[in-house]
Amino acid sequence: METRNDIVTANDQHDGQHAPGEHDGDGHVGHVHGAIMPRRPTRDQLQHIQGWGADLDRKNRPGVPMERTPPRFINAPAGDPAPQAQDVEVLVSTERPGRTPLFGSVQPPSGLSGAIRRSAFKHSENDVRHWLLLLLADRVNVVEGIGHDLSQGKVPNVLAEMGIKSEFMHNPAGLAKKVVIGGAVIGAACYLMKRRDRYR
Amino acid sequence: MLAMNYRGPYRVRADHKPDPVIEHPGDAIVRVTRACICGSDLHLYHGLVPDTRVGHTFGHEFIGVVEEVGSGVQTLKVGDRVLVPFNIFCGSCFFCQHELYGNCHNTNAQATAVGAIYGYSHTAGGYDGGQAEYVRVPMADVGPMVIPEDIHDDDAVLLTDALPTGYQAAEMGDIAEGDTVVVFGAGPVGIFAAKSAWLMGAGRVIVVDEVEYRLEFVKRYAQCEVVNFKEVKDMALHIKKMTDWMGADVCIDAVGCEAAGNTMQTITGVYTMMQAGAATVLHWCINSVRKGGNVSIVGVYGPTFNAVPIGNALNKGLTLRMNQASVRRHLPRLIEHIREGRIDPKAIITHRVPLEEVSDAYHIFSSKLDNCIKTILIPPRANEVRAVKASATQ
């Protein structure tokens, strides 16, 4: 019986015959193959494909050549944009001569994570420490986020934030499995801790 | 305003935040009417992108209505219905002058390795994104495009990233007539890459994924062949067999750093982050393409490093091309394709979710529940007609 993943060679495909091809074995013992040539379908064989060849001519492809100047399709301004006023701390890559004229100003660095980010920005992007410190700062920032929520009198509903309602609706079996596995892990951890206490 | 709020890996919620304000004379404030969740948002959601700060609002695929413009904005007007390309770009730097709008050098202070992107961490500039009621749009005369009357909102929102990225993936493959094109990944970008490969004259298009319902969809939507890699022992060998032992002419990576299919890659790339994501698909591309073939990469990877068989790429004489899509330059041609009925972007939308339910929307998309392919978030004020604010500031 044919399955969808049976091998379909180029010729099989375009003849519309989806029988397994001649090369579907795993071994090559005792088999000398002749010249290998790609087989191409004819235009007639492709006419049923919606829109086939509309951009066959590279002139129709807007990204060919990749670089093109002057730029098309935009209202190109005469010069660099005027510098944006800076009201918050913005970290700047050491691989730049200075701040860019435009920048994002949201979530400026703060707290311990901010200090880690500042130290990350002492290293260039070429230095892996830059990125690893940023990842560390991200994890610290998650804890800070929970602290911030609590300081605002808000207990974060972590399960709701993780979309448990949709898991319950669309994957109840998966949710049950996670609950069982999670319960087993927590139960085992509690048991081991209790046992360790008993032997002290 | 209501906005998506990142709280940590796998944790997001809808929260109230201050409305964005004009910070530069070239800015506009756009009231969002539709925002998508992109596959690359999942890398942020899973905590894989460095400098993703708690409180950040994601969303780089959105359309809306201009609510307010800065004093320097000359062409965009309050009330204009606009689609906003995911790239934030100035239009004047060296790279923009060469139409590399995704590589602008004037909008991201925090990294030179990537241009600025809405709602895509501080590594991509630290701008809040469009999964919110309002969003700050810098360089409003340069980036956004007024949506033509005859283009549906659902098509327009897919023109901000998914469709141009898929199209550019095929374009970077430099497809010649009759070429065999293998697209890894049957997410929205992979689906559009497959569709675009036919536009460029491919002779055969094969899409590879592990998610059955997506493979069924793309087979129908893009009239292509499909392979479920879970049912294949060796991906490169399978492609060789499918192509008379030649290998594909073009391979496209439309998956990126969270690829399944290789346990070791998943452990080192995703779980332990010893490399910048699982390089499974990069391996498959390099090893499945024919000698002298082209590999096109639009899947997103982290900024550190990946273990890839670069020696094979050298010895096979491959051309490797990759970039963030330069959305703006693709729009006119893609709009023609939509008008001519060659491509129907909105057909991939499977879920419309109120912004208030963003936690569930992310989980559904991330876990591929309920046959989800593309999710659109609808902010509560999407359909509101508001009194026009006066042009403001600076």
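Helices α3(A) and α4(A) are roughly antiparallel to each other, a label given to angles over 145 degrees, while angles under 35 degrees count as roughly parallel, 65 to 115 as roughly perpendicular and the rest as oblique. Helix α3 of chain A covers residues 111–120, and its angle with α4(A) is about 175 degrees at an axis separation of 8 Å. Axes are lines fitted to C-alpha atoms, for helices over the stretch in contact, and angles run from 0 to 180 degrees between N-to-C directions. Helices (H or I, at least four residues) and strands (E, at least two) are DSSP runs, numbered from the N terminus.

This is a predicted model, in which local features need pLDDT of at least 70 and side-chain atom pairs count only at pLDDT 80 or more, whereas totals for chains, interfaces and linings use all residues. Residues are numbered from 1 along each chain as its sequence is written, and chains are lettered from A and ligands numbered from 1 in the order in which they are written.

On the α3(A) side, the contact with α4(A) is made by G111(A), L112(A), S113(A), I116(A), R117(A), S119(A) and A120(A). On the α4(A) side, the residues are H130(A), L133(A), L134(A), L136(A), A137(A), V140(A), N141(A) and E144(A). Two residues are in contact if their C-beta atoms, placed from the backbone, lie within 7 Å. By class, this contact has 8 nonpolar, 5 polar and 2 charged residues. Ala, Val, Leu, Ile, Met, Phe, Trp, Tyr, Cys and Pro count as nonpolar, Asp, Glu, Lys and Arg as charged, and the others, Gly among them, as polar.

S110(A) sits in the loop between α2 (43–46) and α3 of chain A. S110(A) is partly exposed, with 16 other C-beta atoms within 10 Å. A residue is buried if 20 or more other C-beta atoms lie within 10 Å of its own, exposed if 12 or fewer, and partly exposed in between, with C-beta atoms placed from the backbone. The C-alpha atoms of S110(A) and N141(A) are separated by 9.0 Å, and the two residues are 31 positions apart along the chain.

Both chains have a domain assignment, and the bounds come from an automatic or database source.

| Chain | Domain 1 | Domain 2 | Separation of C-alpha centres |
|---|---|---|---|
| Chain A | 107–156 | 158–192 | 28 Å |
| Chain B | 2–161 + 326–378 | 166–322 | 26 Å |

In chain B, the contact between the domains takes 21 residues from domain 1 and 20 residues from domain 2. The elements that give two or more residues to the domain 1 side are α1 (41–45) and α10 (327–339) of chain B. Of these, α10(B) supplies the largest share, 3 residues. That side of domain 1 divides into 10 nonpolar, 8 polar and 3 charged residues.

Helix α10(B) also packs against α3 (residues 162–172) of chain B, at an angle of about 90 degrees and with the axes 10 Å apart. The two helices are thus roughly perpendicular. The residues in contact are L163(B), P164(B), Y167(B) and Q168(B) from α3(B), and V327(B), H330(B) and L334(B) from α10(B). Of them, 5 are nonpolar, 2 are polar and none is charged.

Helix α6 (residues 235–242) of chain B is mostly covered, with 6 of its 8 residues buried. The buried residues are M235(B), H238(B), I239(B), K240(B), K241(B) and M242(B). Their cover includes β10 (180–184), β11 (204–209), β12 (225–228), β13 (248–253) and α8 (280–288) of chain B. Just after α6(B), D244(B) has a positive phi of about 55 degrees.

Chain B as a whole has 11 helices and 17 strands. Its radius of gyration is 20 Å, close to the 21 Å that the globule rule gives for 394 residues, so chain B is as compact as a globular protein of that length. The radius is taken over C-alpha atoms, and the rule is 2.2 Å times the number of residues to the power 0.38. The C-alpha trace of chain B spans about 65 × 45 × 40 Å along its principal axes. Of the 394 residues of chain B, 66% count as buried. Among contacts in chain B with a separation of 6 or more, 71% are between residues 24 or more positions apart.

Between the chains, 83 residues of chain A are in contact with 89 residues of chain B. On the chain A side, α1 (10–15), α4 (128–151), α5 (158–161) and α6 (164–170) each supply at least two residues. Helix α4(A) gives the most, with 9 residues. This side of chain A has 37 nonpolar, 26 polar and 20 charged residues.
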